Amino acid sequence: MAASARDSADAAERVVDDHDGWASDGEMGMEMDVEGEFHDRDADRRDGGMDGDDEYLLLTRIRDTSAAEARAGKDIQGIPWERIHIARQDYRKARLEQYKNYENFPQSGELMDKLCKQVEKSSKYYEFQHNTRSVKPSILHFQLRNLLWATSRHDVYFMSNSTVTHWSSLSHKLSEVLDFSGHIAPVEKHPGSLLEGFSGVQVSTLAVNEGLLVAGGFQGELIGKDLEGCNIKFCARTTLSDNAITNAIDIHRSTSLRITVSNNDCGVREYDMERFQLLNHYRYNWPVNHTSVSPDKKLLAVVGDDRDALLVDSRNGKVTSTLVGHLDYSFATAWHPDSRTFATGNQDKTCRIWDTRNLSTSLAVLRGNIGAIRCIRYSSDGRFLVFSEPADFVHVYSVAADYKKRQEIDFFGEVSGITLSPDDESLFVGVCDRVYASLLQYRMIHAFDYLDSYV
């Protein structure tokens, strides 16, 4: 990772301290400025209006937004533009101009802006369904945004301060899954598991799949919980290195249930989750920020603190190809279900598409609007590629249209993660903000949706 473990932790603490627990300006030094929204509170008081504190409390209690309300003109996040003396399009223009993208190579984003043409955003594949204000996602590390996972079209797991929380869009209920603020210890005994457990883990990344929840920490911690049995299965420390952040976790099934872990100590580790044994440990020349396993389990896409990405043989960790094109460090990868195509997301504000049959150049270069591409997902049917910027924008591209058609989802706030339900019917976006923290839910558009009214 670009920042050292200590620097990353310090940055995370500053973000949390600055925003009462919400990392709403991790990259840009700018958030929805509540003070600025109510620019003349004294005038409001003179006019008999409520004082600033009461008005702030009113804003934080704004209720959810439904699809019907959004169609009737209500802002999907409940932002009362008519009351805050600025039009939405004017605030969007200001955000585009003032957002500061984090770069390790200065001007990498601007250089890519000049090289890439943005694809028209006229397509629509997912439509807004609901905004849930009671869900308050959070992030601790400004570069790591894999903190939101859906296990069905209704069930979502996310980080909220020090707690992994489950949200059901059916029951509209929140339930605590795992609290990292206190002491955590496993109930099962495995040779590689620390029976004494951990205390006060700062969670840097999260993954949920196959009935297993795995969280990674700033000190190289790994904690796994069985969602069905509700037991903590294991606690482990991947490395004793000072630069130990667990940057990404990929849960997948081969001959057994496994996880592939990316660490800041330049290592990629694979664990067997049924016996909890370390199967493989591969070392590279730079901190590894993200690794994903191809669906056929033959290859690994590896990215980190280097401009080039790597394609790696999963059996032995040997590099089979070096991918050249990005201008900065990368933090996201994802595989298409065909195991031939994969994507990499970079701080140069681009997502590149690669084909394993010809890696001399990328298949497509897709550009974001304001910041690094921090999270990428392919739909399970392979029809769509979804990626998020650190704030304000999520993009949905049509794979069938050779990535030349896209939908742009536009909101305000830092992104804790994006996730598709296993059946691709639901798309969720975690929004971190001191005032407007929420969970945005979209549903896939079908050709015959009008028939729903008759069912």
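Lysine 298 is exposed, with a relative accessible area of 55%. That is one spot to start from in this predicted model.

**Around lysine 298**
- You'll find lysine 298 in the loop between S17 and strand S18 (299-304).
- Setting aside neighbours within four places in sequence, lysine 298 touches Val312, Asp313 and Ser314.
- Serine 339 sits 41 residues away from lysine 298 along the chain, yet their C-alpha atoms are separated by 8.7 Å.

**The largest pocket**
- A set of 37 residues lines the largest pocket, with Trp149, Asn209, Asp250, Ile251 and Arg377 nearest its centre.
- Seen by class, that lining is made up of 16 nonpolar, 15 polar and six charged residues.
- Several strands supply at least two lining residues each, among them S3 (148-150), S9 (203-209), S17 (288-293) and S25 (375-378).
- Strand S13 (246-253) is on that list too, and with five residues S13 gives the largest share of the lining.
- Two of the residues nearest the centre, Trp149 and Arg377, also team up: arginine 377 lies over the face of tryptophan 149, at 4.5 Å from the ring centre.

**The second largest pocket**
- Here the lining comes to 14 residues, and Ile76, Lys124, Phe128, Gln407 and Tyr442 lie nearest the centre.
- Helix H5 (67-71), strand S2 (126-132) and S28 each give two or more residues to this lining.
- S28 provides the largest share, four residues.
- The class count reads seven nonpolar, one polar and six charged residues.

**Aromatic rings**
- Tryptophan 335 and phenylalanine 342 make a tilted pair, 4.7 Å centre to centre with 35° between the planes.
- Tryptophan 335 and phenylalanine 342 are both buried as well.
- Trp81, Tyr91 and Phe412 come together as one aromatic cluster.
- Another arginine over a ring is arginine 374, which lies over the face of phenylalanine 331 at 4.8 Å from the ring centre.

Technical notes:
Residues numbered from 1 in each chain as written. Predicted model: local features only at pLDDT ≥ 70, side-chain atom pairs only at ≥ 80, totals over all residues. Heavy atoms only, no water. 1 Å grid on protein atoms, 1.4 Å probe; cavity = no way out; pocket = protein on both sides within 12 Å on 5 of 7 lines; lining within 4 Å. Nonpolar A, V, L, I, M, F, W, Y, C, P; charged D, E, K, R; others polar. Buried < 20%, exposed > 50% of the residue type's maximum accessible area, 1.4 Å probe, protein only. Contact = heavy atoms within 4.5 Å. Phe/Tyr/Trp six-rings, centres within 6.5 Å; stacked < 30°, edge-to-face > 60°. Lys NZ or Arg CZ within 6 Å of the ring centre and 35° of its normal.
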